[in-house]
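Me: I would like to learn how to read a structure of this kind feature by feature, with the general idea given before each case. Could we go through it together?

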Amino acid sequence: MKMTAMLLAAAFCSLNVSAAVGGYPVVLIHGLQPDNLKSKPNAAQVKVNGQAYWQEYWASRADLRIDWPSQERIRGKIASDYIWPQLKKLSADGTCARGCIFVNHSTGDLITRYIIDNQALWLKNAGLTPLNIVATFDFSGAGGGSELADLAVNVATGGGLIDAALKFAVSLWLGETPSAANVGVLHDLRVNTARQLAPQPQSKIPRLRFVGGASDYLGATSPFLPGDDDGVVAPHSSCGASQAASFESCSASVDLDGKLASQSAGVRNFMPYHYPMLMSDSYSHNATIGQARKGLVTAARSQVNYLDQRSLSFNTYQENRGWWVFSNKYQVVTGSDRFSMTDLVFRAAN
Amino acid sequence: MNQKSWLLAVLVALLALTSWWLWPVDPPTQRPSVANQPMAAAVTPNTEAPAVTPSVQPTSEQLPQSMQQSFSLVAAAYADELLVPDYVRPLTAADSQLLAPNQFITQQIPLEGGASVSIQADKYRFSAPEPVVVRLVAQRIELSQVQVLLKNELSGELLVSEAVAENAGVYTATLPSEKEWDGPLIIEFQFSSQGQQQSVQTGIEYSQPVATITAVKSLVARQSDMVIPVQIKVELAGSYRLRANLLTAAGQPLAQLTGSAELATGSQTLELKAHKIVLQQIAETESASEDNAQPNHYLLTTFQLERRSPSPFEPTRYGDSVQPEFELGDFDPAQLTDSLPEPSAEDLQRLEFLQKMASGS
């Protein structure tokens, strides 16, 4: 009870006014909150949940949050009752007048894209000044949808023939087996629907992608996600690939674990202005925004041009063995042996 | 030593040699901290990292890259994007999403016993008066009593329900257009198998067009742009955005063009522009080709006409075109001036942000 009261107070009090990334105010947009599908929180509880979602790291580093309930649809009440009031506030307060950074996680990536495509016209039509969004930081982005959402909708509305392993995976992800009455934003997260929602904003806002490749569900969800997934979304989504296909990395020359090698299943074409920055096979979907360090992180773009395949055949002389052997090389982001992925990003920007 | 013992000894020796060769070395995550860390000054020393000296020379090495270097690479890539104006996006054959923006992505739905079904559709967004054509494909399972249902996704209202027959393992439903279909719809297939009822579903959209592309007028040269005036019959006034792909006469993708304008009802014109940069690029490519008959002949296709959402309470509406592509005729890019596009102040600010991150300041 005491904790709830504290969270409620924190949710309604103003956020850290000195928060900034690269000198710009920060706006947070969270991802899917599966328990919402059943609990159907009201507006006050949505704010409490939003504060709790970012509590571990970003809450104290942001100026404003756009909180939304997962039982609703993006183009419905999420837009009209939750996004719109905050967009008007951001404009009226001038928070983004000189520029601001949107930091999002998971489905927040899809909502951010919807905002980028619509905010200028909506605000202009309302007699308000459009927001100047300088960049977005997209952690475990679900802008390309999740195959799990398609399957969860079918588990919820289907029947007795659905594969038991799939039902188990969906129940692990959502905390319970969904029913037809509580699907909500999962409709928007289906791959087709997500990729058709504001698919190509004209604004050239750089979308910086931070991608994980571990699973919180002991790999139970992975058979239903193409490529090297993070337990909830596939790389085609988190990397920002232009195509929904099976990918093992966001790069053509760096594997998700940092190994420098030609990636036949690496993403080569991206959605406009989407730039994968960091990848790690140690971070799961939710761990990418956490305080806890999970392992080494690699850069999706390499300083060295490894497209020349000869340079990937590194030879190393091993004294103890007395001959030359092939050596694998791993690209590692400096500091990732000490800091979490999200901490690396914030530290680099400040 | 008899022959059997000798062979055994050789095998043991080979096994020992193989084991030594394949003995695992430290995984990359257990390497000591990397050297030459450009970011080190910005962070506190790591007191937790074990100072372990490996007993053997590693067969994996770490190459450090700082966050600043990563931002620097993104900044460079972003700077390249600013070399072309907002209204033009160069296209290649690899840009599958931009070349087929309305494609439907099929997904398998796993069933018990290794069986699966999938729903297929020719496109994601259908436009009146075309029928909705969808298919149910089953793998390793016999289906019976297959029905297709069409529902309004937002209200759940049932719009169509009819039986579907099988043909070569595929259940194809062709649903003629109805005027009340507008917006997101659910396609649901219901069937029986192994004594159980099952339904599977997916989402599509249906659009009652609010504007129609009727023609493309003659091309105009304006400074560095080839201007394409597109004639549109507007039924519902609003803020419109038109995207279309510019192709060579041979069908080679050249650029995606975007134009926006406030359009009143009636016959209106919305201009698309192709900057000389992209026209020149293809002209150079094609001039190198020996069998190039029409070097400056273009096609306009893949239309995406949107009446943009004017407020959070009103959805985006869509238009259509009387024909899927228009021939644009001949146009010589040499008549265009060579001025470079000017990035907007906001885009320059975005580039400055990335460069600031790259400099670590």
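Me: At roughly what angle do the axes of helix α6 and helix α7 of chain A cross?

Reply: Before the angle, a word on what we are reading: this is a predicted model, in which local features need pLDDT of at least 70 and side-chain atom pairs count only at pLDDT 80 or more, while totals for chains, interfaces and linings use all residues. Residues are numbered from 1 along each chain as its sequence is written, and chains are lettered from A and ligands numbered from 1 in the order in which they are written. Helices (H or I, at least four residues) and strands (E, at least two) are DSSP runs numbered from the N terminus, and axes are lines fitted to C-alpha atoms, for helices over the stretch in contact, with angles from 0 to 180 degrees between N-to-C directions. Here α6(A), residues 147-157, and α7(A), residues 164-174, have axes that come within 10 Å and cross at roughly 110°. The two helices are therefore roughly perpendicular to each other, a label that covers 65 to 115 degrees.

Me: Which residues of α6(A) and α7(A) make the contact?

Reply: Two residues are in contact if their C-beta atoms, placed from the backbone, lie within 7 Å. From α6(A) the contact takes A:L148, A:L151, A:A152 and A:V155, and from α7(A) it takes A:L166, A:K167, A:V170, A:W173 and A:L174. These divide into eight nonpolar, no polar and one charged, where Ala, Val, Leu, Ile, Met, Phe, Trp, Tyr, Cys and Pro count as nonpolar, Asp, Glu, Lys and Arg as charged, and the others, Gly among them, as polar.

Me: Which residues touch the most other members of the largest nonpolar core?

Reply: A residue is buried if 20 or more other C-beta atoms lie within 10 Å of its own, exposed if 12 or fewer, and partly exposed in between; a nonpolar core is a set of buried Ala, Val, Leu, Ile, Met, Phe, Trp, Tyr and Cys residues joined through C-beta atoms within 7 Å. In the largest core, of 140 residues, A:V27, A:I83, A:I101, A:A152 and A:L278 touch the most other members, and helix α4 of chain A (residues 74-93) gives the most to this core, with eight residues.

Me: Is A:L218 buried or exposed?

Reply: A:L218 is exposed, with 9 other C-beta atoms within 10 Å, and it lies in the loop between β5 (207-212) and α10 (235-238) of chain A. Its phi is near 55°, a positive value in a residue other than glycine. By contrast, A:L189, found in helix α8 (residues 186-189) of chain A, is buried, with 32 other C-beta atoms within 10 Å.

Me: How many residues does each chain give to the contact between chain A and chain B?

Reply: The size of an interface is often given as the accessible area lost when the parts come together. Counted by residues, the contact takes 74 from chain B and 77 from chain A. On the side of chain B, α2(B) gives the most, with ten residues, and that side divides into 32 nonpolar, 29 polar and 13 charged residues.

Me: How many bridges join strand β10 of chain A to β1(B)?

Reply: Two strands pair if DSSP finds at least two bridges between them. Six bridges join β10(A), residues 328-333, to β1(B), and the strands run parallel; the bridge partner of A:K329 in β1(B) is B:E61.

Key
Angles under 35 degrees count as roughly parallel, over 145 as roughly antiparallel, 65 to 115 as roughly perpendicular and the rest as oblique.
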